[in-house]
Structures are given as structure tokens and as C-alpha cells.
Amino acid sequence: MDDLKAQRHRRLISAMGNAGIDVLAIAANPWRSDYLRYAIDVTVVEGTAIALVERDGGTRLLLESPAEAERLGGEWTRSPPAHAAEILGSFKAKRIALAPRHCLPYALARGPHRESMVTATAMLDRLMLYKLPAEAEAVKSAAVLADEGYRVFCDAARVGRAEYELVADVEAFFRSRGCPENFMILGSGGVEVRGMHPPGERRIARGDLVTTELTPCPDGYYAQICRTLVVGEPTEAQRRAFSVYLEALEAGVAAVRPGAAMGDVARAENEVFRRRGLGDYVSSEYTRVRGHGIGLYVDGPAVLEDVTLVLEPDMTLIVHPNTYHPEVGYMVLGDSVRVTADGCEVLCRTPRELICVAA
Amino acid sequence: MRRGLIAWSKEQVPTSALDARVRRVQQALGAQRLDALLAYTSVARPAAVSWLTHFIPYWNEALVAVLPEGPPSLIASFSKRMHPWIREVSHVGEILPAPDLGRAAAAFVEKRGLKRVGVVDLEYLPWSVAEPIGIGIGAELVDASELFASLRQPADRYENALAVRAAQIAERALAAIPSRPRHASEILSVVELAARREGAEEIIPRVTQMGDRNAVELSVAYKGVWIRLCRTYPLVAEAESWFESVLQGHAPPPGKLTRRTVESCIGGSPLSVVEDSDRVYRPLPAGAQAVLSVRLELGDGPWRAAAPFLVRA
């Protein structure tokens, strides 16, 4: 990991040099810490953070939360955006850029450097999208934890337990393995369930389909797994429905190769649904995306039919034909994959089955 | 990202309580010559919106718009499929889908002819949201942080009950820590399990090793209300007892007080520093919810504590 951090930093400094940037101000918060993690390997869990990264010098980290300042060894300030703007104002002869546009606070972004935002954000996006082999390896390690976490989830999914109790068991497991972050939503019930959401108070019942996407982030990189389990014996309709998702996932994964576009992957998945007369259920009314990039952020570029982004080796993504099925409700099935020289490596090892747990 | 319990109980927070909060904002708009108030929400800054509507995003971002009349509108970067869930967990009027939040917000402002728009925590508003409104359609963005903060505290009885429950969750989680943990991940694992099984919306645990002692700080959210609790292990009776007295009034510390902060919820951030050892940044009214955090240098090493309290008259 240390080597990876050093490689990332060298790449960033080189990109800053090519772009003519002397100082890069990077904003972060608990929702979007991915850019900061790339640059200086810092993840904030509370408040706003702004790092000032000098190409030929050090880095200053300004934090809104005193607890975070103590944990991360940064400087506490009541207003990181205003303080950062003041510091940048003192760098008279330096070429300054700000990123990323979608989380730069108003008080910093409205200043004299705002024109730099679009290109600096694009520069960082490129660095994060086209990964180093070591970054893809980090996603692979996270996928091992995702598989283990899913086993914990299956054990937790017992009749009478509330949705939030299932998440408690999984979170405790991830923490015991030193994993501080996880994105996780779920759904439980039958044909009335149209998607996944954060855990509520509903209790698991016999015959439920229980869906989840688990996305642990053990060392700064996320990997995701999506599976559906049934509490008790699956019905014939549930088995029949599952076979569509299985075929769609296999088709999607088979389409992942260098030179293919994200749209090709989505099309491969969706064609399976169309052939089975379920074409309506791959529209935005029933599903958001057919997968997405994954790495330092949980939700990278979308796998949708109109996305032209071309895949290259060591890109990582999740392929998931998750959607509503009119006979049984919302179903999910997805694996994280890594693009290789001639195809892809599937990183998740959990069997692609409609998993049954005791009723 | 949020992955704990997100649910709305109308017994715990009745619609009338949320309506009353919105009415207070609406009554204040005229005095500031504001056409509307916008409050941004994400996992990072959810507090203003959850106070007004009980909406708590588990990821993604949204804006609540309060106009002089009517229920607040939610402009949300969630797919329309999530709207039923949003209605289940929150109290809002219109929900507008916003694939691009800034553009959708600008369209909302323009369509209603809003010229002067107050924004809670304007300095923190993401540029991707601020630019389309402020530059794109030329609406005047006004920092409404002071206005909001003046309305936000003291807490009402519903919020106080949620804070009591959050503190109870944190207490139970700390009580679950084994007497001789082998490593920090063991502490983190047991507190996660205990807090989330009790229904925590979120938990931020921090374990700090200080010589022979470990300080365990838990920030716990329960249905939108955040508290912090910190204990130092092994417990130091004299310091514990001093901290209890400090929460009730002034008492001389059994060592050197090296840090003291008071935090409260006054804007989008769940807890913001309103006072530290050097100065009072924002006086709190009686009945305000707050968290006191201290660090002492005892004769045999550092010691820390934190706990929620209500500001006395």
C-alpha cells in the first residue's frame, strides 16, 4: 500500500507539472473523499477538508472538525474554505488550481481561481479512472472482503430480525477486519419491493427475497457485490426470474474487454431482458444503472447503453443487472471485475446463485 | 456513507413539530427580505434539512427550498424510484428529481421568480450547485447561516428525546467494550455492533491511544440527532467525577485543562464548534443542545471526555 500511495503521488505531481499547476487545492467531505485520498491518502469522516498540495513542496491540510484535525494531524480551522482562500491569496506568483468542482465550497470556489476548476477536476478524474495495476489489486483485495461480508450477511438474515440488525452484523465484521467504510443498501419482501434503500425497521419474514449490495472499502478502494437470497425454499417464479439475472450478468461480464465501451456492457445485459420479454424493466423507471465504475469512489462512471467511455486494462467496475421483476419483485446480482489485456477478471467469488437461508 | 437505521416515527417527531420549524423559517424570511431559503444536504452536511423535514440522505445530495408559504420542496439527486422511500422517511411537499442538482435548483429558482435567496452555510455550498443559481441565472445568494442558527436552538422536546436515545445508544456501546481489548479493531467492532443493533443511524468511532490509556470517542446519530460521548480507559475516578461536575457547573480540574470545546448543531453540520478555550464563537440560548469535549493533562498522562448537555438558563 505504501508503494501505491507513493506511485499515486508521483503521478499526481507529474500531472500537475504537465498542466502547469504549482498548487492544487483539493476539497473533500465524508461523501466525497476520493480525490483527497488519491492525492494524500486522507479520508475525512466528519466536516469539510481542504488540502493545499504544492508541486514542489509540502501539503497543508485544513479541517473543519477538531476531532478530525487531531486524528489526521491537520490544522483545525472553523472555516477551511475561507482559510484556504486566504492562504492561496498569499501564493502570489504561483499557478493555482481548484478541484473537484462538485464539492468545492462556495467560499473558495468563487475566488480568482474558479476558471481552473474544470480542467483540474478532469485531470484528477483521468488519474482516478485509468488505474495503476496496484490500484486494481487493491480493488481485488476489497472484493475478497466483500465475499466474506456477504457470508456474514447470509448468516444474519434470519426470520424476525430487523433490516438494520443485519447491517449491524456486517458492519461489526468489517470493523473487526480493520475496514472503516462500507456502502450498503438492501431490500426485503416480495413483489411490492421496487428497489433497495438504507435499512429500515421491517423484519425479515419467511419467503422474503432479501437483496443487498455490499461495498467495503478496506484500504481506500471499494469493491462491490450484489446478491439476492430467499428465506426458505425459492418458488418456481423466483428461480425462473433469477435465471434472467444470471444470464444477464454473464452476458455483461463477457462484454467487458479492452476496447469495449461501457454502453456495450449495458447492452449485453439488457438484451437478455429484452429477449425474455422484460425490456421495459431495464428503463430508468425500474433501474438506475447496469453497473458502474468502482475504485476510490463507490459510484464511478455509469454502465448505461449511451455511455461511450472505452474500457482499458486495470479499470475496475461492477456489472449488475439489478432491476425489478414483475413476478417476484426487485432482484440483484452483480460482481466486481477488473479489465485485463484480453477480457476481464471476475473479482467476486461468491457463487452466482439464488441463495437460500433457513426460514 | 450512511448505512444505519433511517426511519421516521411520527410519534417521535410529529408532523406538527416539523411544520412548526418550517413556519419559524418562513416567518423570518420577510425580515431578511429573502424570497426563499435553501438548505443543502448530503452525508456530510445533513443537519439543516433533517431538522426541517426529517430527510436524511444515505448518499447523494439534495436541496430543501422553503418559500414564504407552503410545505418545503425537496430537489433531490435521487432517481424517481426512490421518491416513495423519501416520502416514507420524511415530511416534504413537492419532490423534484434532479440528475444535476445545480441546474435543477436554478430552474426551480427561475421558474418561481426568486431574486434574493438565502442559503444555510452558503460558504460550504458546493460550487456545482451555487454556480448555476448565482451565475447561471443571476439570483442573489445571501448567507442565511445567522438567520438559521438563530432559529435552530434551543431544541424542542422531540429533538431532546432523540438526543437522550442517541446518548443511551452510545452509553450501551461503550459498555460493550471488553475490559482488555487486544487491539483497536476489537473495540471498533463491538461498538459498531452494539450501536447499530440499537438502531443508530450512524456512528463515528475514534480510538486514540494516549500512553497507557485509550480514549474512545463515539459520535452517534439517531434519527438525525447527533451526540458525542468520550471515555478514557482505564477509567480515572477523580477525572470522571470532575467531568460530571463540570457538566453541572464550574469545578476546578484535577490536572491541566489543555483543550475544551463546545459544539452544537446550528447549521448543516451535525455539530459545529461554538466555543473553545480561547473564545465564544456563538453564544447558545438556554435549552440548546450541545456537546462538551475536554482534554486534561493528569499527573500520569492525558485524559479525555465528551458528553452531551443542555445549556442552562
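Predicted model: local features only at pLDDT ≥ 70, side-chain atom pairs only at ≥ 80, totals over all residues.
Residues are numbered from 1 along each chain as its sequence is written, and chains are lettered from A in the order in which they are written. Local features need pLDDT of at least 70, side-chain atom pairs count only at pLDDT 80 or more, and totals for chains, interfaces and linings use all residues.

Let's start between the chains. Here 46 residues of chain A are in contact with 39 residues of chain B (contact means C-beta atoms, placed from the backbone, within 7 Å). On the chain A side, helix 8 (163-176) is one of the elements that supply at least two residues, and so is strand 6 (182-189) (helices are DSSP runs of H or I with at least four residues, strands runs of E with at least two, numbered from the N terminus). Helix 8 of chain A gives the largest share, 8 residues. By class, this side of chain A has 24 nonpolar, 12 polar and 10 charged residues (Ala, Val, Leu, Ile, Met, Phe, Trp, Tyr, Cys and Pro count as nonpolar, Asp, Glu, Lys and Arg as charged, the others, Gly among them, as polar).

Now find A:His113, in the loop between helix 5 and helix 6 of chain A. A:His113 counts as buried because it has 20 C-beta neighbours inside 10 Å (20 or more is buried, 12 or fewer exposed, in between partly exposed). Leaving out residues up to four places away in sequence, A:His113 touches A:Leu88, A:Ile96, A:Ala97 and A:Leu98.

Last stop: helix 1 of chain A. Its residues A:Arg11, A:Leu12, A:Ala15 and A:Ala19 meet A:Thr119, A:Met123 and A:Leu127 in helix 6 of chain A. That contact has 5 nonpolar, 1 polar and 1 charged residues.

How values were computed:
Contact = placed C-beta atoms within 7 Å.
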